[in-house]
Amino acid sequence: MELLVSNDPRKRRPSGWLWVHALLVFGFLYLPIVVLVIYSFNGAGVGGFPPRDLTLSWYRILFGDQAIWDSVVNSLGVAAAAVAIALALGIPAALALDRAQFPGKALFRRLVLLPLILPGIITGLSLLMLFNEAHTKLSLLTIILGHGTALISVATTEVFAGLQKLDRAQEEASLDLGATYWQTFVQVTLPNLKLSIIGAALLIFTLSMDEIAVSFFLIGRDNTLPLEIWGRLRRGITPEINAVSTIIFIFSLGAIVLWYRLRAGAEGSPEITPELIEPEVQGAQS
Amino acid sequence: MFSRAYRTLVTVPPLLWVAVFLLLPYILMFCYSFWSVSPAQGIVHSWTIENYRQLFSIQVYWQTLLRSMWIAVRVTFFSLLLGYPLAYFLSFCAGARKDLYYQLVIIPLWVSYLVRAYAWKTILGSEGVLNTLLQYVHLTRHPLEFLLYSPFAVVLTLTHIYTSFTFLPIYASLEHIPRNLVEASNDLGASPAQTFWRVIFPLSIPGVLAGATFAFVLSLGDFLAPLLLGGPSGIMISNIVVSLFGAAYNWPLGAAISLCMLVLVVSLLFVSERLEKKWSFS
Amino acid sequence: MATSEQLAQGTDVASTRSTLLEVRKVAKSFGKNVVLRDISLAVAEGEFLTILGESGSGKTTLLRIIAGFESATSGELWMGGQRLDALPPYKRRVNTVFQHYALFPHLTVEQNVGYGLRVERLPESETAARVEQALKQVKMAIHAKAKPSRISGGQQQRVALARALVKRPQLLLLDEPLSALDANLRRQMQVELKSLQREVGISFVFVTHDQEEAMVMSDRIALLRMGQLEQVATPREIYSRPATAYTAQFIGHTNLLRGEVCEGLLRCGSLSWRTTLPAGPALLSLRPEDIHVAEMGAGAGMVRLQGKLQQRAFHGATELLRLEGSDGLIFSVRTGTREDWQGVLDFEFDPADAVPVRASAERD
């Protein structure tokens, strides 16, 4: 099996089957999305081949759908709040893990990162039981608390990675030149973390907008966008859902391109460093 | 680097939050699993191991658990099968386009899970794109029923979701392999295939373990794909838990099953971490 | 400017042994960036050849081309009557000691050394025997079961050496293997490497930027500058008869004297002496140790020189004095150490020690 051909490592000509495999996998990954987008313009609705009757009618129906818009507004609010909570707690958590020693640090580290790898159902249910015992009514607030808790891990991971890349010598130089600890933090540490924080915010926002597993159990009367879509799916498939999905896809695309440019712009291509845990990017859990 | 005061300021709020919203709920779940539900639809705070007895004795519960694990195993297997060569291709063969391809792999991850699962539903249905396409080109005459509302659909969809998840850590570990090791291996007479199996693959094992753990754990606990695409034969353990917290109203039993899942997952993570450390050499 | 073939005619050692490796007009460009131009070089059997050059001179690229990790843009490599550059690295009877050792972190020392034999699918008993012998040769037998992360840099370097030598290659390439070691260990390893090469008897091609290291270890030195060979000669020759100004300045210290020859008389500032050099501008290299303190009157045929002491550098066994002459000429003199060097001092030198060199053009 010739995996690498050519004497010159600078110009490795990949052998045929690797190319084919890669192409097939990319095709597999993008197939559903492409189908989704195409059929959002299909007059005859979802399914059926080939697609015909190019139309924008599903989008028109979508834009007139009040329930969807309400849920979008809810989702935006929840996402913004989740970003705030996750950053407000995740940044100190990253700092603590990077620099401080305290009893229970190992346990803390594991707990903070657990929601990243745990199926969302466990996070969601455990919080549900908490709210039940505390006699808290389920509402957007409980969803915000759920998202914030689940997504602290994302903020912590991103900021921690940023801290690792930080050149300690810069902070030491600042102290050496007479700045206090606080001044050094504000004028040297934070600006260096700017990129990690923005990247984390973007990621958390997107994840919150898409989040369904945890939200499923903590929903009150008001729906978030994914749960609104979910509700409709239970009732049957309509191409309107294709339309809203296409729009979600476009926004996600925009978000990730932005995220990538941010990181690549600062430091060359993003190196995924498995410092705390390997995957930084986490799709919606289930 | 920080003085005492700042250290406290920095560690206390997250610690507090984590204690209240992560640790406490798990403890509660533990407690719930030993409580029971009364006829009047209330949670009775009396201690019993009835729930666990039921979990292990009633066939539908542990059978579903086993089926879920089997589905998770298949998802993990196929995700690795798709993800590893892709990661290798990007790391060693893609050259200047590496970044571009990396972005292409990441993009589907950011697209909503729900959207992707829904898309497969429209493709696999008996009136769906795939079936009508096959009939259109006269490859089949009737819709293939097994495509949707089956374990097949669940495995397919979850593989689609988690291939990118397995890709990421494998790619990271492959990127970490110093290229001069590959050159040294070639220099010493190893063919490209020998170099892969003797040098590259062993050094990528931590990434493979991490990716496999992710895929297995997350697909084991998945409830959305089975609900949308699984049908009666594709029910997974999380669906049972969901109904226990919903229509079937037996929170303590649901908590017991959840706790079992939690313990299973945490043990797996623990084992995986130990193995990863054993196989990591840098 | 002599052709590279002429430059490749080093004397003594190489010409009395048969040629092992021939580099014929090798050139290498990376896109628009020309790294090597028209390199022709012959490596003799059993010789220790050093490719010496600054960073960016192309020396590592040349080594990698010989090893097979890069392919030349043009030119050929011949070894043992065969085209070497037609073969992939794993088929060449050439092995490399890498700059950062490139030991396999997941294998023990013993497994690292045996790696090249196992991929050849040699019987295990033979592998074990050869590995043991190789480890003994580099004095690492005790650490056979250790992993690379547990041994020091110097020890890793020996393991890398053993791993390459155990394959009994026809040619061993060493890519700045000592650069990561600290000074004392480095000097020790230079001696050990040299005696190891003598013992094993195969050709070593050694790449370094350290000219002192090159002189200590080599049978011949190939000085590379901006992708071209400046001079290929034994250390003695390259030191005492540098071909160009660059060579004279790169290897050891020197004084570069610019002068004009007219009717058999060379004038350099306020100095002059009779010479057989052709008329026209002249450039001469005069080593600081060839300038002596003139205690008494001038020796016969010596050129007198006076200078005001600017700086002195203490080198332990000698001192290097920096002086300014009457006409503004700055020159260096190497002397024994004395407390009382100061003020204006008198020196003399034998004009025969002023070696004519070619000017080194600024290349693009």
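## Exercise 1: Two helices within chain B

The crossing of α2(B) and α12(B) is right-handed, as found in a model that is predicted. Describe how helix α2 of chain B packs against helix α12 of chain B, and state which residues make the contact.

**Solution.** 

1. Begin by locating the two helices: α2(B) covers residues 50-57, and α12(B) covers residues 251-278.
2. Next, take the geometry of the pair, whose axes lie 9 Å apart and meet at an angle of about 65°. Since angles of 65 to 115 degrees count as roughly perpendicular, α2(B) is therefore described as roughly perpendicular to α12(B).
3. Then find the residues in the structure: α2(B) contributes Asn51(B), Tyr52(B), Gln54(B) and Leu55(B), while α12(B) contributes Pro252(B), Leu253(B), Ala256(B), Ile257(B) and Cys260(B).
4. Finally, sort these contact residues by class, which gives seven nonpolar, two polar and no charged residues.

## Exercise 2: From chain A to chain B

Describe the packing of α3(A) with α1(B), and then consider how many residues of chain B are in contact with chain A as a whole.

**Solution.** 

1. Start with the helix pair, in which α3(A) and α1(B) have axes 8 Å apart and an angle of about 115° between them, with a crossing that is left-handed.
2. Look up the residues involved: on α3(A) they are Leu89(A), Pro92(A), Ala93(A), Leu95(A) and Ala96(A), and on α1(B) they are Val10(B), Thr11(B), Pro13(B), Pro14(B) and Trp17(B).
3. Now widen the view to both chains, where 84 residues of chain B are in contact with 81 residues of chain A.
4. On the chain B side, helix α1 (residues 4-33) supplies the largest share, with 18 residues. The whole of that side is made up of 65 nonpolar, 13 polar and six charged residues.

## Exercise 3: Domains of chains A and C

For chain A and for chain C, state where the domains lie, how far apart their centres are, and how many residues bring them into contact.

**Solution.** 

1. In chain A, domain 1 spans 15-55 and domain 2 spans 63-267, and their centres, taken over C-alpha atoms, are separated by 31 Å.
2. Eight residues of domain 1 of chain A are in contact with seven of domain 2. The domain 1 side of this contact holds five nonpolar, three polar and no charged residues.
3. In chain C, domain 1 spans 4-249 and domain 2 spans 253-356, and the centres, again over C-alpha atoms, are 39 Å apart.
4. Here five residues of domain 1 of chain C meet five residues of domain 2, and the domain 1 side divides into three nonpolar, one polar and one charged.

## Exercise 4: Reading the confidence

Identify which elements of chain A have the lowest and the highest mean pLDDT, and point out the stretches of chains A and C where the pLDDT is below 50.

**Solution.** 

1. Consider the average first: chain A has a mean pLDDT of 81, and 85% of its residues score at least 70.
2. Among the elements of chain A, strand β1 (residues 4-5) has the lowest mean pLDDT, 34, whereas α3(A) has the highest, 92.
3. The pLDDT of chain A is below 50 over residues 1-12, a stretch with 27 contacts beyond near neighbours in sequence, and also over residues 268-286, a stretch with 61 such contacts.
4. Chain C averages 89, with 94% of the residues scoring at least 70, yet over residues 1-14 of chain C the pLDDT is below 50, and this stretch has 30 contacts beyond near neighbours in sequence.
5. For the complex, the predictor gives an ipTM of 0.86 and a pTM of 0.83.

Conventions:
Residues are numbered from 1 along each chain as its sequence is written. Chains are lettered from A and ligands numbered from 1 in the order in which they are written. This is a predicted model: local features need pLDDT of at least 70, side-chain atom pairs count only at pLDDT 80 or more; totals for chains, interfaces and linings use all residues. Axes are lines fitted to C-alpha atoms, for helices over the stretch in contact, and angles run from 0 to 180 degrees between N-to-C directions. Helices (H or I, at least four residues) and strands (E, at least two) are DSSP runs, numbered from the N terminus. Angles under 35 degrees count as roughly parallel, over 145 as roughly antiparallel, 65 to 115 as roughly perpendicular and the rest as oblique. A crossing is left-handed if the near helix is turned anticlockwise from the far one by less than a right angle, and right-handed if clockwise. Two residues are in contact if their C-beta atoms, placed from the backbone, lie within 7 Å. Ala, Val, Leu, Ile, Met, Phe, Trp, Tyr, Cys and Pro count as nonpolar, Asp, Glu, Lys and Arg as charged, and the others, Gly among them, as polar. pLDDT is the predictor's confidence in each residue, from 0 to 100. Domain bounds come from an automatic or database domain assignment.
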